[in-house]
Amino acid sequence: MRRAVLSEATLAAVLSSAPPLRAAEELPRGTIIERVACASDAKQTYALYLPSGYVATRSWPILYAFDPSARGARAVAAFQKAAEANGLIVAGSNNSQNGPVLASLAAAEAVLNDTHSRFSIDDRRVFLSGFSGGARVACLIGLKLPKTVAGVIGCGAGFPDDQPPRRETRFAFFGVVGDKDFNYRELKSLDQTLEKLGLPHGMAVFPGPHQWPPESECLEAIEWMRVHEMSAGIARDDSLAESVFQKRLGKAKQREAAGEILEAEREYASIARDFGALRDVSAAAGRAAELKKDPRFPKLLAAEQKRLTAEEFEQRRIDDVLAFSQTN
């Protein structure tokens, strides 16, 4: 019988008995390293980005990224600028890919263990991300390691179909999706579900199809995670919090000025929700409430729901056609 992988107990045992940090000085900073072999299994490798200021004398947050085609460097590249700006280590598995989930979990375990023995990591600040099937792997790991994973950035997909979020889910979730992505409706629905469950969540939409997000949306996702952890009293940086607040407030005002009432209301509401523990958000909350009273708001909301329902129907039709063709 194949051994179970990536449990909280086995992770704790590995980390508690980890050898002294190996020399990270030999690895370059500020550039993507496409292949780092795990000491315990050279067949398991990962792409790596160390921020230019990395030193082993302090602890650093880390983001583990999973690409559905085992392209670790591609996953790391998506977050490179955000990582440099926020002092974040990024490691992308070159083995995890769409296919047997146990293989992806084994790859994740290898990378997680190797980075913890090689680098100085702040265990309060372990994040995951993935694109498409890689996003589902990231969420699954978050569910299996609830005391380890602080947040997941799901790009183009969310939770595994058979393991949806519940009130007991402990990690924060930020979804990123293209407006032409076939999983757009899924991420929108997931965002609503997380809101109903009262779980920390955020979402960004970019113009485009099913793909890794542009750097700007990856930065937005990392900044959202930073605000979330600051609200929990971790790594507080008032200057950064104010900068992100003003950026998001400007975005909400732009959408309102453009007549995007639904998007503006949601942005104001999310600002009030995300920054409530850090500053006065009464103005943003008040503006969200006012936009909900706009006579256009219910009509726009109904039109959006009608569009999403139509897209769901079309997707089911396509799925039925594909299923029929495969059985005949």
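"Buried" here means under 20% relative accessible area. Keep that cut-off in mind for the close-ups below, which come from a predicted model.

View 1. Tyr 54 has a relative accessible area of 3%, so it counts as buried. Trp 60 is buried too, at 4% relative accessibility. The two rings make a tilted aromatic pair, with 5.4 Å from centre to centre and 40° between the planes. Ring pairs also bring in Phe 119, giving a cluster of Tyr 54, Trp 60 and Phe 119. And look for Arg 58: it lies over the face of Trp 60, 3.7 Å from the ring centre.

**View 2. The open sheet, strand by strand.** Eight strands line up in the order β1-β2-β4-β3-β5-β6-β7-β8, and the pairing is mixed. β1 (32-38) and β8 (201-206) sit at the edges with a single partner strand each, so one side of each has no neighbour in the sheet. On average, neighbouring strands are turned by 20° against each other, ignoring direction.

**View 3. β6 beside β7, with a helix packed on the sheet.** β6 (residues 151-155) and β7 (residues 172-178) run parallel, paired over 5 bridges. One thing to spot is Val 152, whose bridge partner in β7 is Phe 173. Helix α7 (residues 215-231) packs on the sheet and touches β3, β5, β6, β7 and β8. Its direction makes about 165° with that of β7.

**View 4. Phe 159 and Phe 173 pair up.** These rings form a tilted pair, 5.7 Å centre to centre with 45° between the planes. Phe 159 belongs to the loop between β6 and β7, while Phe 173 is in strand β7, 14 residues apart. Phe 159 is buried at 6% relative accessible area, and Phe 173 is buried at 3%.

Notes:
Residues are numbered from 1 along each chain as its sequence is written. This is a predicted model: local features need pLDDT of at least 70, side-chain atom pairs count only at pLDDT 80 or more; totals for chains, interfaces and linings use all residues. Side-chain values use heavy atoms; hydrogens and water are left out. Two strands pair if DSSP finds at least two bridges between them. Helices (H or I, at least four residues) and strands (E, at least two) are DSSP runs, numbered from the N terminus. Axes are lines fitted to C-alpha atoms, for helices over the stretch in contact, and angles run from 0 to 180 degrees between N-to-C directions. Contact means heavy atoms within 4.5 Å. Rings of Phe, Tyr and Trp (its six-membered ring) pair if their centres lie within 6.5 Å; planes under 30 degrees apart count as stacked, over 60 as edge-to-face and the rest as tilted. Buried means under 20% relative accessible area, exposed over 50%, partly exposed in between (1.4 Å probe, protein chains only). A charge sits over a ring if NZ of Lys or CZ of Arg is within 6 Å of the ring centre and within 35 degrees of the ring normal.
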